[in-house]
Amino acid sequence: MGSTEDLDYPQIILQYSNGFLISKVMFTACELGVFDLLLESGKPLSSDAIAAGLGASTMGMRRLLDACVGLKLLAVEMTQEGALYRNTEISNVYLTKSSPKSQYHIMMYYSNTVYLCWQYLADAVREGRNQYERAFGVTSKDPFGAMYRSDEEMLKFMAGQNSVWSICGRDVLSAFDLSPFTKIYDLGGGGGALARECVSLYPNSTVTIYDLPKVVQVAKEQLVSPEEHQITFHEGDFFNDSIPEAELYILSKILHDWDDDKCKQLLEKVYKACKPGGGVLLVESLLNEDKSGPVETQLYSMNMLVQTEGIERTAAEYSKLLEAAGFGVIQVKRTGKLYDAVLGRK
């Protein structure tokens with residue numbers, strides 16, 4: 001690494017400041033349907049054609065398209081008729097609604113919900129609590145009551161989480177050999193994408209999604225097909241209702257929503273319900289032990305501040321929570337991707 005003199009500090013600060021602008025350009029192009037239109041057209045289009053197809057101004061669309069070219073989300077070809085735009089591979093795979101790996105829904109959730117909470121980040125830091133009351137006028141005492149404040153908002157969140165697991169699920173589920181576990185409960189499994197990845201990877205397993213009744217209803221009606229026989233549902237609140245016996249419990253991005261006391265309460269219930277020889281798989285984004293990074297996880301932890309009662313943790317901190325609940329033989333696997341895996345055995 002070069003000396004500090006090699007670093008262009010003003011440029012770095014400007015790049016950080018522009019991070020908000022960069023993400024908003026991508027979110028807006030998704031929301032307006034730019035990438036979907038170009039995919040459906042099957043050929044490059046002019047800015048005028050795209051603007052007309054999407055009901056947008058030609059001046060505004062041209063600027064948006066050029067910004068997407070600068071971000072490598074679109075490619076442009078200069079012809080005698082003028083500039084023609086097409087999707088890049090990354091846009092076709094991740095930014096079109098029809099792609100199996102589409103991240104459209106999580107981007108819309110970030111754009112329309114997370115961003116509004118982040119407007120009050122300074123207040124969250126001062127007060128040490130989430131900002132749903134300021135952002136949406138709903139109580140901040142029940143984070144998931146706030147997240148699920150309407151059916152539309154709940155579906156947006158669930159579809160967004162499904163987007164994440166469509167590209168990250170296999171990495172965390174293959175971090176350890178889970179084939180010995182055939183009866184699996186996915187606590188807070190929401191829209192079922194992680195359960196779907198699990199039964200695909202381990203065809204001898206069955207996965208029961210344990211979630212709130214209204215979440216289960218939406219998942220059954222809109223996100224999980226009745227033909228997916230290896231996936232079943234259990235309605236309940238895992239903090240207040242009983243947890244049935246299983247060989248493995250998956251808690252994916254659950255513990256990071258809560259403080260240590262709530263995590264201990266849940267893990268103790270899981271330990272009591274777990275069959276001897278069974279285990280619990282935590283799927284979380286792990287901080288370095290000195291909390292120096294990764295920067296994505298540090299930013300997620302800030303998001304936990306503005307949206308939940310939780311925090312991102314180190315592997316040692318999760319291990320300590322598991323040990324306090326009674327779990328032993330704890331293994332940690334960093335996947336090198338956004339999410340990591342921690343396995344505790346009973």
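Helices (H or I, at least four residues) and strands (E, at least two) are taken here as DSSP runs, numbered from the N terminus. The model is a predicted one, so to speak of a local feature takes a pLDDT of at least 70, and side-chain atom pairs count only at pLDDT 80 or more, while totals for chains, interfaces and linings use all residues. Residues are numbered from 1 along each chain as its sequence is written, and side-chain values use heavy atoms, with hydrogens and water left out.

An unreviewed UniProt entry gives residues 14-96 the annotation "domain: O-methyltransferase dimerisation".

Histidine 256 turns up in the loop between strand S6 (246-252) and helix H13 (260-273). With a relative accessible area of 7%, histidine 256 is buried; buried means under 20% relative accessible area, exposed over 50%, and partly exposed in between (1.4 Å probe, protein chains only).

Next come the charge pairs. Side chains of opposite charge can pair when their charged atoms come close. A salt bridge is counted when a side-chain nitrogen of Lys or Arg lies within 4 Å of a carboxyl oxygen of Asp or Glu, and a search of the whole structure turns up twelve of them. Several are linked up: Asp123, Arg126, Glu127, Arg129 and Arg134 belong to a network of salt bridges.

Lysine 156 pairs with glutamate 153, with 3.1 Å between the closest N and O atoms. Both partners belong to helix H10, three residues apart, or about one turn of the helix. Glutamate 153 is buried, at 7% relative accessible area. Valine 172 is buried too, because its relative accessibility is 0%. Valine 172 is 36 residues along the chain from threonine 208, and their C-alpha atoms are separated by 18 Å.

Other pairs reach across the sequence. Aspartate 260 and arginine 313 form a salt bridge whose closest N and O atoms are 2.9 Å apart. Aspartate 260 is in helix H13 and arginine 313 in the loop between H14 and H15, so this pair ties together parts 53 residues apart in sequence. Arginine 313 is buried at 2% relative accessible area, whereas aspartate 260 counts as partly exposed at 38%.

Lysine 291 and glutamate 317 also meet through their side chains in a salt bridge (2.9 Å, N to O). This one links distant parts of the chain, 26 residues apart: lysine 291 is in the loop between strand S7 (274-284) and H14, and glutamate 317 is in helix H15. Lysine 291 is partly exposed at 40% relative accessible area, and glutamate 317 is partly exposed at 29%.

Glutamate 309 lies in the loop between helix H14 (295-307) and helix H15 (315-325). At 33% relative accessibility, glutamate 309 is partly exposed. Together with Asp142, Asp259 and Asp261, Glu309 forms a negative surface patch. Patches take residues with over 30% relative accessible area and no salt bridge, joining like charges within 9 Å and nonpolar side chains (Val, Leu, Ile, Met, Phe, Trp, Tyr) within 5 Å.

How values were computed:
Accessible areas come from the Shrake-Rupley method with a 1.4 Å probe; for residues, only the protein chains shown count as cover. Lys and Arg count as positive and Asp and Glu as negative; His and the chain ends are not counted. The place of a charge is taken as NZ of Lys, CZ of Arg, CG of Asp or CD of Glu. UniProt positions are given in the numbering used here, feature names are shortened, and annotations may be inferred rather than shown by experiment.
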